[in-house]
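Notebook open. I wanted to look at helix packing first, then the overall fold, then the chain–chain contact.

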Amino acid sequence: MLDFIILFLTVGIPLSSALLLASLGETVNQRSGVFNLGCEGIMSMGAFVGMLIPFLVGGSGKVAWYVNLSGLVAAAAVGALLGLLFGVVVIRFSAPQGIAGIGMQLFATGLAGSLYRHFIGGAQGVAGIDALPIPFLCDLPIVGKMFFSCNPMVYFAFLMVPVVHYLLFKTPWGLRVRACGTMPRAADSMGIDVSRTRYQALAFGSAMAGLAGAYLSVCYAKIFTDTLIGGRGFIAVALVYFGRWSPVGVLGGALLFSLAQALQLAVQAYGFSSFPYEFLVMLPYILVVVVLVFVGKSKHVGPAMLGKAFNREMRT
Amino acid sequence: MKNFKWIYTAGVILLAVLLTLTVAALILALLGANVLDTFWVIFCYPFTTFKNLSGVINIMTPLTIVGVGICVAYRSGIMNIGGEGQMVMGILCALLYSLSVESASLPVTLLVGILGGALWGLFPGILKSRFGVSELLSTVMFNYIAAQLYAYCLRVPLLDPAVAGGVGDPQTEKLAEGLWLPRINDLLDGLPKGTRFHTGIFVAIALAVIVYLFMWKTPAGFKMRAAGASERAARYGGISVDKYLVLAMCISGACCGLAGTVEILGVHHRGIGNCTGGYGFSGIVVALFGGLHPLGVIPAAFFFAVISYGCSALQINKIPVPSNMIDVLLGLVILVIVATKLIIANPYWMDRAQRKFTALFGRKEA
């Protein structure tokens with residue numbers, strides 16, 4: 001039984017990192033009032049770009065490390081660019097964000113798939129970034145294997161929770177972002193440039209989504225496929241609601257969801273094969289719906305003007 | 001200058017089309033393809049033979065039906081992106097019924113498919129109206145749940161004994177011949193053989209007309225549109241917005257379920273792994289492109305069927321562009337349309353454009 005629990009947690013924690021990164025980014029987006037449903041597509045592009053650079057350049061040892069790092073940076077940069085493109089559509093032209101998000105998702109997912117076939121093609125992997133056990137701590141029994149022998153990006157993802165919390169709730173920029181999401185007109189009258197703040201939040205959030213994608217391709221699967229992201233972007237958006245727009249809540253959501261997924265993988269690995277695994281795959285999604293039902297009841301926690309365009313010239 | 005609005009609208013649309021084509025051309029160039037050849041295959045090749053054209057019509061059929069469904073939801077103020085899941089549930093219910101009941105007939109199978117889709121629209125509708133769960137999220141989750149349910153049924157209870165235990169994709173047995181939608185070849189003589197052109201297109205067009213009449217000529221349709229146009233005003237006017245919201249999701253889901261059922265009864269004649277063809281998502285683009293009007297959806301669906309067929313034919317024509325290109329084009333078109341609509345509707349920008357226009361081309365009005 002202990003083996004089972006250890007397996008379950010060692011699978012679950014790396015799974016949660018991609019969701020965590022993307023959801024933290026989406027939290028910042030939504031706090032500024034922009035609902036970015038294109039997260040899935042941005043993750044896809046991030047995954048492709050993050051893998052492309054190590055694939056083309058290669059290298060070994062110290063060089064490979066820098067190459068992989070530049071892949072991650074490029075993924076974040078492409079994510080931010082796509083976020084800004086999305087921003088032009090929903091901020092500059094005030095387009096409805098839900099549909100524009102679907103457009104962004106289709107566009108970026110399709111683009112990543114097309115470019116992948118052209119530049120890489122076939123099922124080719126990369127060496128990627130390997131796990132980095134933390135000295136001494138990784139030797140601890142049980143806990144060492146679960147928490148301190150992970151991929152560097154996993155540590156980074158968990159580190160981003162306090163960072164994003166600090167950014168949103170303890171810095172002037174975070175205050176501006178939250179003001180733009182809750183009452184953009186008041187923010188505007190106080191001299192805050194609502195559009196610019198939203199662009200900044202979008203760029204930051206989308207860069208995180210790009211990183212989340214790159215984590216999946218470079219660190220987790222070490223390969224790119226059309227189904228690599230597999231709906232994680234949409235789940236990341238749902239987790240923001242789940243976590244009530246707070247980084248710590250999002251952390252809880254990402255862990256709960258990934259553990260539900262890991263449970264399914266662990267059950268499969270332990271060969272309780274008589275139970276149809278499709279129902280276990282379904283479980284996390286059902287969980288999200290159930291949780292959304294309970295979260296939906298509580299008003300007055302999220303950004304009030306989420307999904308609403310702000311236009312200085314209009315009087316509404 | 002009274003008719004400047006028309007000049008402005010036309011100008012913005014022209015710019016939007018040019019922008020879309022330019023971006024598409026840039027991406028194609030990046031992929032190392034000959035841009036003109038690719039455009040020829042995407043836009044013209046589908047018209048070259050009867051076989052190609054009938055392929056286009058077969059794609060147009062589910063696109064129209066889904067697009068009409070999306071229009072109903074959108075006009076009622078709820079955004080249905082669960083088309084995929086509703087199609088799958090429609091297919092699943094239709095298959096369960098037609099493979100287990102001996103005396104299954106075509107109309108009843110269609111009806112069962114419709115009910116399956118409606119059920120999958122009902123849940124997000126209730127979640128939205130009762131618990132305030134965003135439909136954008138719940139419908140996506142229901143898509144995954146439906147996909148898993150379908151995968152399970154295809155793998156275990158409905159699996160074709162012929163492929164059981166072997167390799168290859170799981171599929172169901174072939175449906176009884178009496179359940180197939182008639183093929184045009186069989187009805188009319190003298191057409192080239194070997195096409196899968198089926199009569200579903202008439203179902204699609206009839207549905208578009210019926211939904212148009214329902215939404216624009218009946219009290220219930222009016223109430224739904226009122227709830228969508230302004231929820232507060234509708235509530236003040238005594239319309240029970242929640243009820244019509246759920247109804248709209250049901251109708252929308254029913255359309256998607258029908259689309260799925262028509263697809264298997266017309267084209268595949270059995271349940272296969274990837275049976276929705278992504279129409280649940282591309283239907284959204286079609287609905288938007290058709291101005292969210294059931295009758296506008298018909299030409300929009302035709303247009304997208306052409307592009308979609310063209311993209312899938314790229315490889316046959318030896319153009320090194322993957323068929324994922326269709327997603328790129330669809331996404332691009334959505335982004336451009338939503339932005340263009342708002343640019344056209346913005347009176348301040350029109351004013352500014354008008355001032356520049358008169359400054360440039362000068363006849364001063366009195």
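**Helix pairs**

I started with helix H7 (residues 172–182) and helix H9 (residues 194–220) of chain A: their axes come within 10 Å and cross at roughly 110°. Axes here are lines fitted to C-alpha atoms, for helices over the stretch in contact, with angles from 0 to 180 degrees between N-to-C directions. Helices are DSSP runs (H or I, at least four residues), strands likewise (E, at least two), numbered from the N terminus. H7(A) and H9(A) are therefore roughly perpendicular (65 to 115 degrees; under 35 is roughly parallel, over 145 roughly antiparallel, the rest oblique).

Who makes that contact? I noted A:Arg176, A:Val177 and A:Cys180 on H7(A), against A:Val194, A:Thr197, A:Arg198 and A:Ala201 on H9(A). Contact means C-beta atoms, placed from the backbone, within 7 Å. By class I get 4 nonpolar, 1 polar and 2 charged residues. The classes: Ala, Val, Leu, Ile, Met, Phe, Trp, Tyr, Cys and Pro are nonpolar, Asp, Glu, Lys and Arg charged, and the others, Gly among them, polar.

Next I checked helix H1 (residues 2–31) of chain A against H9(A): the axes come within 7 Å and cross at roughly 170°. That makes H1(A) roughly antiparallel to H9(A). On the H1(A) side I see residues including A:Pro14, A:Leu21 and A:Val28, and they meet a set on H9(A) that includes A:Phe204, A:Met208 and A:Tyr215. This contact divides into 16 nonpolar, 5 polar and 2 charged residues.

**Caveats**

I have to remember that this is a predicted model: local features need pLDDT of at least 70, side-chain atom pairs count only at pLDDT 80 or more, and totals for chains, interfaces and linings use all residues. Residues are numbered from 1 along each chain as its sequence is written, while chains are lettered from A and ligands numbered from 1 in the order written.

**Whole chain**

Chain A has 12 helices and 0 strands. Its C-alpha trace spans about 60 × 45 × 40 Å along the principal axes. I find 53% of its 316 residues buried (20 or more other C-beta atoms within 10 Å of a residue's own; 12 or fewer is exposed, in between partly exposed).

**Chain A against chain B**

I count 41 residues of chain A in contact with 41 of chain B. H4 (97–119), H10 (232–242) and H12 (277–297) of chain A each supply at least two residues to that side. H4(A) gives the largest share, 16 residues. The chain A side has 26 nonpolar, 11 polar and 4 charged residues.

Key: Contact = placed C-beta atoms within 7 Å.
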